[in-house]
Amino acid sequence: MNDDPSIRVLLIDDEETLLEYMSKRLLKKGFTVKCAFSGQEALEAAQKEHFDVAVVDLKMPGMDGVETQKRLHKIQPFLQCIVLTGHGSIDSALESGQQDAFHYLLKPVEYDTLVTSIHEAYEKKVQLVNEKFDEDVEEIHRSGLGAKGIKKAIDKLREKYGIQ
Amino acid sequence: MESNNSLELKLKKVTQELSSHKIELHQTRGYLQCILQNSNDMIFATDVDGMIVSFSKGGEKVLGYTWEEVAGYYIETFSEDPKSFEEFMADSQEKGSAVRLEFPFKHKEGHTVYCDVSMINLTNTKGQRVGTVGVSRDITRWKKLQDELIRIDRLAEIGRVAAGIAHEINNPLAVINEVSGWVEEIVQDAKSLSPEDREELEKATQQIAEQTRRCRTITHQLLGFVREAAPEKTEFDVNGLLNKAIDFVSPELKYAPIQVVRDFSTEPLSMKSDPAMMEQVFVNLLTNAIHAINEKGSDQGKIEIKTVRTGSEVEIHITDNGTGIAEENQDKVLNLFFTTKPPGKGTGLGLSICQNILKTLNGGLSFRSEPGVGTTFTVRVPLS
């Protein structure tokens, strides 16, 4: 399943060994992977580069998964989050649902399920981006800006949508 | 010397008093009779030695014996624990009265009846003890209910603790899962492995994956067990839901000689409850029935599903002609983690989960089983 372009995945979990092996396997499958061992690290990573999908643990020391998702969405509104947790509490599931978690998976997860889930989350992100991007571009055209203004606006769009 | 006149007057007065006492006595007797006839309590009187001389209608209900059957017997004969009863009697004689709670009696049909009993000395006009009067309230049903509540409470508590552990185990389990998956991929890519070594390693990693899956089934089911989701109630038809549950288990039915008989009530059984939860219960019970039949190895397996409306409730009976539940296991099958299946085949959670769900839905689960003949599970759920 080597899709082009490579899907950019951000893994967030305080279990370092888990992320070490999970990232190795995902890399081998052709994903672009970045690991963050806390919510704070995840936010820092999201400020530096764009991701398509985040896989988030709920229970982490410091910033928990729900809060992490909330803040990630502020930085990258199109990023899709998959919750991966050892906790079966439906409350957190519902709450993370409010934070637009794309899927809610229980640890340990079947590898194929995770991979499928990441692909589906990516599809969703692409769909959302396409819809919004067209709208935004149209908006710029309608705005009647000069060449300079348009260039500036497009740069902003690049930033927002993570287009290099 | 008194005149005849005054004597006559006295006599008249005494006669009058006597007749008014007689009326009073008659009323009191009627009053007592009324109590003895109508009270649901077992009220008995014994002579000085404890031999029964009076036995109320309520007593006939509580113990199952008629007055004629108990007349002349010692009251302790009907106690499950005659020795304690004698002590109780002696205690009451000495102090004038005594009370015992949850005292066990033996019903005519053999089962135990629990009563709260109070005994009091019966005395004559001179204050001498001439017998004992006892009032016993049958609390068997109440006690059963209470025991059931304690059991369910304990079950929920064990469940919560176990779920906490399950959560902690899920994390290392996830690590094992990823590491073994990685090893598997390394083995697949390795070029210099001998075919034997490759086969060995592949088998080994498959084993790790398989065993991890096994652990996961347990931890995930446990987490499902304590999931305190509020029921999402919608209107649905029970018979339709049962058909759905049967469809769900049909892959298991395909390769087994099992006939499914639907004995559904002719009137539609529309109810308001949580269909997803109910379906889980039905699927669990049907799966159990299939396993019981397969275990028996009979080629004439039959599962009968009956639905009846009883007042404001629906009863669903699921009967199989499988192995039945061994006598000694009957009071354990609803316990968390109890299973008769070999290791790795059953988690011992299915029926506990069913019971927990039905408790949430204000319903109940009961069963009747005869070893070698089969089992009937009965689900009761309120219509709304």
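Predicted model: local features only at pLDDT ≥ 70, side-chain atom pairs only at ≥ 80, totals over all residues.

Reader: Which residues of α5(A) are buried, and what makes a residue buried?

Author: A residue is called buried if 20 or more other C-beta atoms lie within 10 Å of its own. In α5(A), the residues that are buried are Tyr111(A), Leu114(A), Ser117(A), Ile118(A) and Ala121(A). For chain A, with its 164 residues, the buried share is 32%.

Reader: Why is α5(A) called roughly antiparallel to α6(A)?

Author: The axis of α5 (residues 111-142) of chain A and that of α6 (residues 147-161) of chain A cross at roughly 165° and come within 11 Å. Angles over 145 degrees count as roughly antiparallel, and therefore α5(A) and α6(A) are given that description. Their crossing is right-handed.

Reader: Which residues make the contact, and how many of them are nonpolar, polar or charged?

Author: From α5(A) come Val129(A), Phe133(A), Asp136(A) and Ile140(A), while α6(A) supplies Ile150(A), Ala153(A), Leu157(A) and Tyr161(A). By class, this contact has seven nonpolar residues, one charged residue and no polar ones.

Reader: How many helices and strands does chain A have, and in what pattern?

Author: Chain A has six helices and five strands. Along the sequence they follow the pattern β-α-β-α-β-α-β-α-β-α-α.

Reader: Where does chain A touch chain B, and how many residues are in contact?

Author: On the side of chain A, 16 residues are in contact with 20 residues of chain B. Helix α1 (residues 16-28) of chain A gives the largest share of the chain A side, seven residues. By class, that side has seven nonpolar, four polar and five charged residues.

Reader: How many helices and strands are there in chain B, and what share of its residues is buried?

Author: Chain B has nine helices and twelve strands. Of its 384 residues, 29% count as buried.

Reader: What makes α8(B) roughly antiparallel to α9(B)?

Author: The axes of α8 (residues 275-296) of chain B and α9 (residues 350-360) of chain B come within 9 Å and cross at roughly 150°. The limit is again over 145 degrees, and therefore α8(B) is roughly antiparallel to α9(B). The crossing of these helices is left-handed.

Reader: Which residues of α8(B) and α9(B) meet?

Author: Met277(B), Gln280(B), Val281(B), Asn284(B), Leu285(B) and Asn288(B) of α8(B) meet Gly350(B), Ile353(B), Cys354(B), Ile357(B) and Leu358(B) of α9(B). This contact has seven nonpolar, four polar and no charged residues.

Reader: Why is Asn362(B) called exposed?

Author: Asn362(B) has 12 other C-beta atoms within 10 Å. A residue is exposed if that number is 12 or fewer, and so Asn362(B) is exposed. Asn362(B) is found in the loop between α9 and β11 (364-370) of chain B. Its phi is positive, about 60°, although Asn362(B) is not a glycine.

Reader: Why is Glu102(B) called partly exposed?

Author: Glu102(B) has 13 other C-beta atoms within 10 Å. Glu102(B) belongs to strand β3 of chain B, and its phi is positive, near 50°.

Reader: How do you know whether Gly110(B) is buried or exposed?

Author: Gly110(B) has 7 C-beta neighbours inside 10 Å, and so it counts as exposed. Gly110(B) lies in the loop between β3 (97-106) and β4 (112-123) of chain B.

How values were computed:
Residues numbered from 1 in each chain as written. Chains lettered and ligands numbered in written order. Axes fitted to C-alpha atoms, helices over the stretch in contact; angles between N-to-C directions. Helix = DSSP H or I, 4+ residues; strand = E, 2+ residues; numbered from the N terminus. Parallel < 35°, antiparallel > 145°, perpendicular 65-115°, else oblique. Left-handed = near helix turned anticlockwise from the far one by under 90°. Contact = placed C-beta atoms within 7 Å. Nonpolar A, V, L, I, M, F, W, Y, C, P; charged D, E, K, R; others polar.
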